[in-house]
Amino acid sequence: MRSTISRLQVIHSLVFSTGPSLWLGMSIVTVQLGQCGNQIGFEVFDALFRDSHCSQGLCSKRENEAYQASCKERFFREEENGVPVARAVLVDMEPKVINQTLSRAARSGRWTYGQHACFCQRQGSGNNWAYGYSVHGPKHEESIMNLIQKEVEKCDSLSGFFIIMSMAGGTGSGLGAFVTQKLQDQYPSSLKMNQIIWPYGTGEVILQNYNSILTLSHLYRSSDALLIHENDAVHKICARRMNIKQISFRDLNQVLAHQLGSVFQPTYSEDGSFHYRRNPLGDLMEHLVPHPEFKMLSVRNIPQMSENSLAYSTFTWAGLLKHLRQMLISSAKMEEGIDWQVQPPSSGLPPLGKMSAHKDPHFNTSIANLVILRGKDVQSANVEGFKDPALYTSWLEPLHAFSTWKTQRAFGKYEKSAALVSNSQLLVKPLDVIVGKAWNMFASKAYVHQYTKFGIEEEDFLDSFTLLEQVVASYGNL
Amino acid sequence: MTQSVVVQVGQCGNQIGCCFWDLALREHAAVNQKGIYDDALSSFFRNVDTRVGGDGSSISKGRISSLKARAVLIDMEEGVVNEILQGPLRDVFDSKQLITDISGSGNNWAVGHKVFGSLYREQILEKLRKSAEQCDCLQCFFVIHSMGGGTGSGLGTFLLKVLEDEFPDVYRFVTAVYPSSEDDVITSPYNSMLAMKELNERADCVLPIDNQSLFDIISKIDLVTSGKLGAAVKPKSLVTTNMGTVTKCPKKPFDAMNNIVANLLLSLTSSARFEGSLNMDLNEISMNLVPFPQLHYLVSSLTPLYTLADVNIPPRRLDQMFSDAFSKNHQLIQADPRHSLYLACALIVRGNVQISDLRRNIERLKPALHFVSWNQEGWKTSLCSVPPVGHSHSLLALANNTCVKPTFMELRERFMRLYRKKAHLHHYLQVDGMEECAFAEAVSSLSALIQEYDELDATKSMPVLDVPRLSVAL
């Protein structure tokens, strides 16, 4: 708990620091790692930019300008010829994806990546975590950290780092874990949030389960929060909600970017104020990660439909929030097929340390939740349903377990939209499945020689398994 | 971006190699519209300024001047290599990257391995080092040879030892052509057996091919092209053709078969050379498909074999491509992976195919396939945007599957028939450095391999039980 308290002190000191950009807010430096990280990173910056320049702000011009400026300071910086430059560092061990990403950004004409913001090598990590962590990491540590340092220096005030990576491959996972550790060493007072992509359950990469457990166990020690997206879940959203017939990775990434945008775009700093929040990363950590043993976060958003279908629908806050709450309670990953039978335990607060006898096994207990509301009449939205103590575990006051962020400024073309960032049991089952599969494979020793060849021993595997079994058990016992 | 060097050994190796370079040029010409020497080209080709005399220094960027294959050609007879050097591809090869002799190996592995091995070791090393120096980042050696002869089999496997010693960090992928049962070389079982031991111990990955399977595929294609649909088949799309290449028409009957193998190698490297939404580099092949070091034999299948000139290809045709990849008629060796046990499977998809198509087909086909208990979701997938010439999409499936076992068992059977009677053994034993124990060791090595596959097969019918998990105190 000590580390938590000192972390909170750090956040408070950051929030109340005085500086030239006091009103604009603090910046986030994004590190995009590997094919997945770079492909997604592009979509995220693009989504943020397009939303902030969206004409349908549904609010006053001045308000819109404040929103834009806040987004800009957070994620972009200005270049000489007026084209905004993403505050990002692109890292990959082979050149094809970075080249593609850079040219896509340049072609868009709207924004661009920094000229010297990339680190690239010739040969990839072979889908091997050990290769990314033990070979590429130490070899390229200095170059990569220098690049990050240069980007940090261009921020007036740094909130922290947003690290985008996948778990299944070799670079995002292994090098991502290594870089996160180095960031912790080099910038101990800055926050780190890792955006992690969980691969499809049915293989993209055969080594994905090994790579996943090694990644998660290492990040659990060095990252401040793990924001997790599952390919299976995003795929379903594309298939059922977005009506896309031939779903490509670009489609998945755009849905994901939309979700992230709806979390990270500016919101008012407190109820009734019209100044934008300065430090979303810090605030997010403060609200959602009260205890270092519980750092897995997931995102749900509503409505989940393509912008083209919006013309035919109208929403009420009551309707949206009702659905979102039920999605949370029943562990639904999307807006369709929600199980309305699942209800919170009826006996109110469960006795301390024991699970309520009336608890529905399908019920998803939360540690903390954050609801972000954007759009018309946002002040009238009623979030009382999320304050129900029955939703939460017993060791936090419900008052501290739930928070709301709001802005009147709509997100993209969505007149009303809501996002839920949740620290709850939502990810326990998927994590359990991954650990189980990895364990089965490890028991047969299959592929282990590929890891020991690069310095990751059986003991390292066992350490990872132990840590993750503890995480599964801790979350399971809420 | 990395580079690979192709080492083609023996008659078979060089004939396949020649077809490979032909089709590689065709593929790059179709993709590379601007004539700029790019990373993709550099993986197999050097860009050489022929105006500058001497060595022909490499140009790393800019317009394509003269492309030279990253290849080393080795043969102990002159016929095939000479033909290549006098043919339309002569300018693609660096005349200094050749090693030839005149007497041939007499279909004797011992002659290829021991005699020519020691005779040419220094030269081989020198040529390999030169090729390596010409690469910025050499990732892989592709060795192509047959198993049944003397040069490819003997000298080809000798080469593996040199590669292992001198370039330990560079992958060794071997494309090995196994003799069919009607092979006319009497000693091919000896040669194949002795070569197998080397492949077991020194190759990172082996892609076994057999002539019978290639021949069957050609027969199937001939049936189609001569039948009702014949006119609708796009000629450039045939997996057996070299239409549109430098070589105008297939000169030898083996060319059609060799083109299939050449297409295999092109698809294998496509995702490393060209962009896509889910890339797969060569090191990922070995990493994902080799669960234990000795089990590195990958059965391959290529689909489609041809394309109908049909503008709107509905998803069903696409799905048919996936189904075909698992049928025993599309495998490049006599094997039936559907009815054996998968240890791992890779799907390398090219062209206009998205992740949802891939997933739909995996879900569809998975229930009928048997995967080993510890790798139930043993799929490695990749999506490369660039299709092969003449196709809008294609699929290469690589299976690490116990269905290779029958090939090895048959090989052992044919070997034993000869060995029991000591037939032709003296031809081998009279070679300096060749001992009879080499034969016993080779059989022993193969038997151990077969046993591993046996043990895995035995698990096939057993129920999949989860291993008890670690229990932790909270």
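1. Which side chain does that of A:Ser159 join in a polar contact? The side chain of A:Asn279, at 2.6 Å. A polar contact is a pair of N or O atoms within 3.5 Å; within protein, one must be able to donate a hydrogen and the other to accept it, and residues adjacent in sequence count only if both atoms are side-chain atoms.

2. This is a predicted model: local features need pLDDT of at least 70, side-chain atom pairs count only at pLDDT 80 or more, and totals for chains, interfaces and linings use all residues. Residues are numbered from 1 along each chain as its sequence is written, chains are lettered from A and ligands numbered from 1 in the order written, and side-chain values use heavy atoms, without hydrogens and water.

3. A:Ser159 sits in strand S6 (residues 158-166) of chain A. Strands are DSSP runs of E, at least two residues, numbered from the N terminus. A:Ser159 counts as buried because its relative accessibility is 0%. Buried means under 20% relative accessible area (1.4 Å probe, protein chains only).

4. Beyond four places in sequence, A:Ser159 has contacts (heavy atoms within 4.5 Å) that include A:Met26, A:Ile28, A:Leu191 and A:Asn279.

5. Now chain B. Strand S13 (residues 393-401) has nine of its nine residues buried, so it is largely enclosed by the rest of the structure. B:Leu395 and B:Ala397 are among those pointing one way; B:Leu396 and B:Leu398 are among those pointing the other.

6. Pairing requires at least two DSSP bridges. B:Leu396 is the bridge partner of B:Leu302; B:Ala397 stands opposite B:Leu347.

Terms used:
Buried < 20%, exposed > 50% of the residue type's maximum accessible area, 1.4 Å probe, protein only. Helix = DSSP H or I, 4+ residues; strand = E, 2+ residues; numbered from the N terminus.
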